[in-house]
Amino acid sequence: MPEASAVCVRGRCVAQPDHVAEAGIRQGRPRAAEPAPSRQLPAFLAATPHAFSSNDNHSHFLDHGPADELDCLRRTLAPELLKAAETRARELGIGADQVLIRQGVIDEASYLQHLSHHTGIALDDLSFLDRQHVPLRDDQIPYAAITGIIPMRDNGRLIWAIAPRGLTARAISRLAAEHPDVTPNIRMAPAASMLQFLTRQSGAALGRIAALGLHDACPMMSAAPAIRRGGPWQGRLRRGGAVAAAAALPPIVMPDVFTSLLALWFIGFASLRFAGAVWHRPRLRQRPMAPDRWLPTYSIIAALYREASSVAPLMQAIEALDYPREKLDVLLVVEPDDLATRAAIARLGPMPHVQLLVAPARGPQTKPKALNWALPFVRGSFVAVFDAEDRPEPGQLRAALDNFRDGGEKIACAQASLCIDNETHSWLSRMFATEYAGQFDVVLPGLSAMQLPLPLGGSSNHFRTHVLREVGGWDAYNVTEDADLGFRLARRGYRSVTFSSTTFEEAPIRFGSWLRQRSRWMKGWLQTWCVHMRRPRKLWRDLGPGGFVAINLVAGGNLLTAMACPLLFYLLLTDALSEKTTAWPWLHFTAITTACASTITVGLMGLSRRHRLREAWILVLTPLYWSCLSIAAWRAVLHYVWNPYHWEKTEHGVAKRRNAAAVSRGRPARRSHI
């Protein structure tokens with residue numbers, strides 16, 4: 001945890017991390033970005049840095065003084081209720097107003113009205129504020145969302161609109177009492193009003209950043225299309241020509257060398273999985289449960305599209321998390337044409353800790369673009385990504401924090417295990433469950449222990465928020481954005497690790513749904529490999545030989561082995577029927593047997609760790625599953641040529657899930673603390 005320095009507010013010493021002492025507007029911005037003009041804050045704001053930090057809470061941020069933010073409610077709410085709120089706030093290290101708001105005792109707008117009347121600071125819903133009155137460039141607009149502060153000009157005077165969070169209301173109350181002359185330079189705005197202003201007046205800027213932020217900052221690291229004349233047809237012809245040349249020329253010009261390289265790639269991919277399965281994993285020391293006071297604000301993002309039936313179970317699972325609700329920040333991102341999901345969220349009723357964001361109708365309609373849209377509005381020091389069908393174990397957020405603390409500042413991401421809980425519905429979902437058990441409980445922990453670049457799963461990724469912003473978030477044009485982000489973090493010198501916590505997921509039970517999902521994944525693997533191999537020498541310098549080989553085996557191997565599997569089986573058959581004696585049959589035979597052995601071994605180890613060895617018989621169908629993977633791989637290549645950025649939606653909510661109820665029973669229902 002960062003060391004703390006002290007700031008005196010109204011005669012009281014408040015401990016704060018050193019990095020908070022800088023202007024909050026620069027917290028979390030990419031290193032290469034220009035600072036916002038509002039970074040030079042006036043003295044009255046610089047004296048209260050916690051009023052505009054980039055998230056609601058900083059570790060070791062203490063204020064043992066009275067809860068002055070409750071003075072405005074002394075004649076409105078019962079004294080016992082206010083005292084309970086102050087006690088709870090002291091336990092959590094946040095403002096008592098946030099306790100009352102998050103517990104649903106009073107809504108934010110009503111509280112701010114009382115605070116405005118008490119302090120004399122104007123309350124503004126920002127409905128009459130125009131973009132031209134905000135002295136920020138388009139690329140600086142995200143900093144306003146990050147900090148909860150908007151600088152604006154009113155008749156030539158600079159005014160600061162603040163959406164109170166954390167201990168801001170306390171600081172404002174003390175500021176108004178101590179320095180009433182500066183209060184005309186401050187206005188308060190509800191968080192909902194600030195969100196509406198930013199999306200209404202600055203939505204175009206935020207939308208471009210969500211769709212093209214990574215491409216604008218570093219084009220070579222993005223799968224976004226280059227701007228060329230000729231339109232989409234030229235891009236299709238170019239990609240089609242490249243794929244055709246790569247698939248046809250080597251077998252014609254150098255058939256033996258080509259098939260040998262395929263076999264060696266098979267062997268290398270299988271060997272890497274073997275190594276990950278048997279690599280020694282160091283045991284993490286058991287940590288005592290951290291008190292709620294020292295827990296940071298934790299954000300959760302869920303990008304939803306046509307998920308009306310999954311919203312309520314997802315929110316039940318989030319509510320079951322063993323984490324103070326006052327320090328939870330949930331962002332649900334929906335698409336503008338998805339009215340059914342928005343209606344399902346509205347039916348859940350008021351949720352003070354939940355923000356509903358509508359993604360912009362521009363750029364590709366993909367999950368990573370939706371996640372990028374939410375990123376500026378994240379308040380937490382850490383952020384987790386969940387899918388609509390996810391059911392995380394209640395202790396997952398605390399377990400992730402333990403891994404971040406043990407690993408140090410270079411740990412940027414912690415990946416939880418994903419487990420399929422509807423494996424009994426079809427042979428395909430059983431095979432899917434076995435594959436997930438091997439991948440997330442065996443292979444990925446091994447790669448993490450080997451300190452190799454980690455291909456992240458698409459869900460239950462936990463990030464340091466400032467690192468995620470530093471690397472540019474997700475690539476909106478990559479349909480396997482998770483794996484790409486894991487490799488990009490590694491290239492920036494950060495590490496991703498796995499940790500012992502499970503999120504239960506739903507597997508497709510019909511072949512059509514499975515095929516669309518798997519084709520999208522493999523298309524994303526092809527995109528990822530093409531992006532990172534644009535400059536092989538730089539990739540080698542960034543990751544070293546081990547990381548270079550690992551990315552090629554993982555990103556290239558997932559697709560190439562599936563595509564080449566029928567060819568190697570055909571070669572093995574023709575070798576067996578041929579009377580010629582060469583070294584090729586042994587190489588082909590070694591490739592097939594090594595791949596088969598790795599699949600079965602990893603699958604058995606994963607099932608054993610999930611205590612599901614009774615399901616091991618499904619591995620007999622491995623050749624049939626490989627055939628399905630090959631169909632998906634070739635379909636992915638065709639989609640890459642014709643429509644590379646199309647996101648094929650996975651259907652959820654079609655299977656009865658045995659573990660969903662168990663997750664919600666993982667801990668008692670929340671009780672109000674006040």
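**Close-up 1. Strand 7 and strand 10 run parallel and are joined by five bridges.** Strand 10 covers residues 382-386, and strands are DSSP runs (E, at least two residues) numbered from the N terminus, as helices are (H or I, at least four residues). Two strands pair if DSSP finds at least two bridges between them. Within this pairing, Ile 300 stands opposite Ala 384 in strand 10. The model is predicted: local features need pLDDT of at least 70, side-chain atom pairs count only at pLDDT 80 or more, and totals for chains, interfaces and linings use all residues. Residues are numbered from 1 along each chain as its sequence is written, and side-chain values use heavy atoms, with hydrogens and water left out.

**Close-up 2. Strand 7 also pairs with strand 8 in the parallel sense.** Seven bridges connect strand 7 with strand 8, which comprises residues 328-334. Tyr 298 is placed opposite Leu 328 of strand 8. Together with helix 11 (residues 311-319), the two strands make a right-handed β-α-β unit. Right-handed means that, with the strands pointing away from the viewer, the path from the first strand over the helix to the second runs clockwise.

**Close-up 3. Strand 7 is covered on both faces.** In a regular strand the side chains alternate between the two faces of the sheet. On one side of strand 7 lie Tyr 298, Ile 300, Ala 302 and Leu 304, and on the other Ser 299, Ile 301 and Ala 303; all are buried. Buried means under 20% relative accessible area, exposed over 50%, and partly exposed in between (1.4 Å probe, protein chains only).

**Close-up 4. Tyr 298 and Tyr 323 form an edge-to-face aromatic pair.** Rings of Phe, Tyr and Trp (its six-membered ring) pair if their centres lie within 6.5 Å; planes under 30 degrees apart count as stacked, over 60 as edge-to-face and the rest as tilted. By this rule the count comes to 14 aromatic pairs. The rings of Tyr 298 and Tyr 323 are 5.7 Å apart, centre to centre, with 85 degrees between the planes. Tyr 298 lies in strand 7 and Tyr 323 in the loop between helix 11 and strand 8, so the pair ties together parts that are 25 residues apart in sequence. Both Tyr 298 and Tyr 323 are buried.
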